[in-house]
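Try each one before you read the solution.

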Amino acid sequence: MSENKQCDMIIIGGGIGGLSCAALLAKQGFRPLVLEMNAKTGGRVLGESEKGFTYEYFPIGVTPVRNHSFEILSRVLNLNESEINIIGPENMGFAYRGRSGEWEFMDNVNILLGDISEDFDPSHLFDLWGLDEKERELAIKVLGELYLMTPDQIDTLDAEDITFKEFLDKGLYDVPWAVDNFFGFFANMAMVEPIDLVSAAEYVRILQDSFNNGGGGYPAGGCMHVADILTKKVIELGGAVRTNTKVEKIDIQNSSVTGVITTEGKKISAPVVISNAGIHPTVLKLAGEEHFDKRYVSYVKDLVPAWGLTSQIYFLKKPVLDFHISVLYSDSGWWDLERYTKIKNGHVPDDVVVYAMVPSNYDPSVAPEGKQILTAGTVCPSDPGAEEIEMLTQKAEALLFKFWPEIIPAIEFKKYGGPAQVSALTRDHVQHGQGGECMGLGQIAGQCGSTRPSAATPVRGLFLVGIDAGGNAGMGLHQSVDSALKVSQQVGRYCRKRQVVV
Ligand SMILES: Cc1cc2nc3c(=O)[nH]c(=O)nc-3n(C[C@H](O)[C@H](O)[C@H](O)COP(=O)(O)OP(=O)(O)OC[C@H]3O[C@@H](n4cnc5c(N)ncnc54)[C@H](O)[C@@H]3O)c2cc1C
């Protein structure tokens, strides 16, 4: 589509959700126009190439590795493996401090199944946790039953709309203490949320996804490669992508969308606007509360953002790490709401959960030959201004260096990314505590699965796409792409039914 030709719909934001939606609508024959405020598309997977390193500003581990919604997207858009290819981790390290009070580390733990030929083998973990025979039996029973839960059983849990903690509190399982701690850690690490907020149904789905289809993958060429491929696809299929264009306002007349107004004061008209900018910024700022009834505004304000990550990227002048992904946690170093409240109130914990990933061990092309790139960090609140973030960052780095002191002399330079950077780069901070969340509304009970916000808003012609709305299940990118697959169909139907598109 040429720049001056009228578009059929505007998509605010060129994140992976917005770009996927645009490409899918273009595939249906529409002419979508993507308006992206940054100089490049990508949103939360944005990054750059510098001194031979290609990297994302924030750490991304793709789950699942196989059967990801990227696979459906690729099929529909005729993309091949060289365009979107998720590489699974081969070597996972696991460090743990439990009852003994001592840190122990285990290499090559087979639980993330980056390669399809691997078999799930929790015995590594049982050894690390120091379980006796009886505890091993109990651990196998509870993990096995979750692993084998059928889709119908998970849907029933979804309908119950309870947290994973509430599910465990039903007393259906005799959970050994180490598995209980693992569950708390896994909620923080995989879902970036506390166990007493995360939905039970989503917890089980993501646990099964990680154990069945692999977790912690990395796209060949880096995440920016995926964003570039999708951007090209939008244009190739007849859509347009305009960067450095920030939408200031969504123009609404008589409860119907008429287009958008950019920060430069330019009106761009379209009968349909799909916002990838997040549900809070879209409703409360870009459209404005006055265009919705009070009940919808209260509903949106009550939606809670998921948590954030505070992380650093270490650019290493020589290869010193042989793992793809490693996690470090202790029984006291993961957060539920009660523990986190203490930290908010000034308590400094001994340990934090640490997540470390070496993208260049997945795909050597993302670092110059003979060098390495490492991302590592810990969970933190989504509030860009939360004071405890600095302390958590330092704790995570200290623990990382305790296990791998060889990183320190190998550092060429490092970069920081946390909730303030996520918000500045991708999402306006429009209400307290919101803006720096990793995964939008995430997997929080009451606002995910079947209770995920609908993509259609009460304003005619205004839709939402991406991590916050319209998708069904799964974490992060999986959910953003799932949303795009569904929203593109919904909007396509809407346009055809109303013939709003010429
Ligand atoms: C620290 C961190 C760690 C993460 N880790 C993982 C992980 O391990 N695994 C995983 O699957 N996912 C992870 N995620 C989540 C994943 O990155 C997101 O789910 C996904 O990238 C979101 O895509 P999206 O299109 O829904 O939204 P976004 O990427 O947020 O895209 C929104 C786009 O809209 C643009 N925009 C916003 N406002 C405007 C405006 N007014 N005008 C124009 N443009 C605008 C933004 O610039 C952005 O490009 C992580 C995210 C973060 C921040």
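**Exercise 1.** Work out how many residues lie between strand 3 and strand 4 in their hairpin.

*Solution.* Strand 3 and strand 4 form a hairpin with 2 residues between them. Strands here are DSSP runs of E, at least two residues long, and helices are runs of H or I, at least four, all numbered from the N terminus. Next, look at the turn: K51 sits there with a positive phi of about 50 degrees. Now the pairing, which takes at least two DSSP bridges between the strands: residues 47-50 and 53-56 run antiparallel over 4 bridges. One of the partners to check is F53 in strand 4, bridged to E50.

This is a predicted model, where local features need pLDDT of at least 70 and side-chain atom pairs count only at pLDDT 80 or more, while totals for chains, interfaces and linings use all residues. Residues are numbered from 1 along each chain as its sequence is written.

**Exercise 2.** Work out how far apart the C-alpha centres of domain 1 and domain 2 lie.

*Solution.* The bounds, from an automatic or database domain assignment, are 9-46 + 220-303 + 442-498 for domain 1 and 86-219 + 306-423 for domain 2. Their C-alpha centres lie 30 Å apart.
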